[in-house]
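Biologist: Could you walk me through how to read pockets and cores here?
Modeller: Gladly; let us look together.

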Amino acid sequence: MDKIRAGIIKQDCLLDDIYSMWIKCPQIAEVAHGGQFVSLYSKDSARLLPRPISICEVDKKAGAIRLVYRTVGAGTKEFSLMKKGDSIDVLGPIGNGYELSSSHPILMGGGIGIPPMLQLAKELSQNGIAKENISVVLGFRDDTFLLNEFKKIATVYISSDTGNVGIKGNVIDATKEYGITGDAIYACGPKPMLRAIKEYAYEKDIPAYISLEERMACGIGACLACVCNTIDKDEHSQVNNARICVDGPVFKADEVVL
């Protein structure tokens, strides 16, 4: 991991509270891949802890990464006000990311867990998997975002809380409604969604790889603030947990307790 001063290339508002930021950081872009995240640092000295944000896209040629995030507090509000030419301190890439071991993957993203699925879909496509064999199931609150980007490289299915777009329900409802099949599930989203995906994967006897969301403090594995319960003991702490920031954020679903 490297902490660097990155320049903001562009920033757009996708929805009322969701922003897309491209930042120039060749050192991070060179090694980053789907499922990893970076930590962004505030310029306000009163906010010491960085904010972890998943990587949405990587452009190795341009030496840049894209972050799509929701404003939920003072830190992310500060980031949303930044413009092209501004700079920001970034640490990353952090975490293990997804393993590309599937030939017919099902990607499931819910809410702000949708953005990291885009880079994963791009990597699967670049590995030679045809668009019709990459199934992406997205769960929105009401309005959509990033939809056109997904449709370029994958077959997309939609659900929403209101039924305003796609079917009314969640990603599991959509998977059943459309008869989606595959040999592995890759997912990111809120814990209730991941819990349902774990149960569904068990029923279908296919592996599921889930990216856990958790509040973080240091973001580098030192403080043990972001732990999850696991089946096996962690070598670092000798208890049944793992540090989401560095041991994850991606885990095999049957290895964690949700």
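**Pocket and core**

Modeller: The second largest pocket has 19 lining residues, and Gly110, Gly111, Gly139, Pro190 and Met193 lie nearest its centre. This is a predicted model, in which local features need pLDDT of at least 70, side-chain atom pairs count only at pLDDT 80 or more, and totals for chains, interfaces and linings use all residues. Residues are numbered from 1 along each chain as its sequence is written, and side-chain values use heavy atoms, with hydrogens and water left out.

Biologist: Which elements give two or more residues to the lining of the second largest pocket?
Modeller: They are β8 (135-140), α5 (171-177) and α6 (191-204), with α6 giving the largest share, 3 residues. Helices (H or I, at least four residues) and strands (E, at least two) are DSSP runs, numbered from the N terminus.

Biologist: What is a pocket, in general?
Modeller: Rolling a probe the size of a water molecule over the atoms shows where empty space is left. On a 1 Å grid over the protein atoms alone, a pocket is an open set of points where a 1.4 Å probe fits, with protein on both sides within 12 Å along at least five of seven lines; lining residues have an atom within 4 Å of a point.

Biologist: And how do I read a core?
Modeller: In soluble globular proteins, nonpolar side chains tend to be buried together. A nonpolar core is a set of buried (under 20% relative accessible area, 1.4 Å probe, protein chains only) Ala, Val, Leu, Ile, Met, Phe, Trp, Tyr and Cys residues joined through side-chain atoms within 4.5 Å. Here the largest nonpolar core has 29 residues, of which Tyr98, Leu107, Val136, Leu138 and Phe150 touch the most other members. α3 (115-126) gives the most to this core, 5 residues. Apart from it lies another core of 24 residues, including Ile106 and Leu212.

Terms used: Buried < 20%, exposed > 50% of the residue type's maximum accessible area, 1.4 Å probe, protein only.
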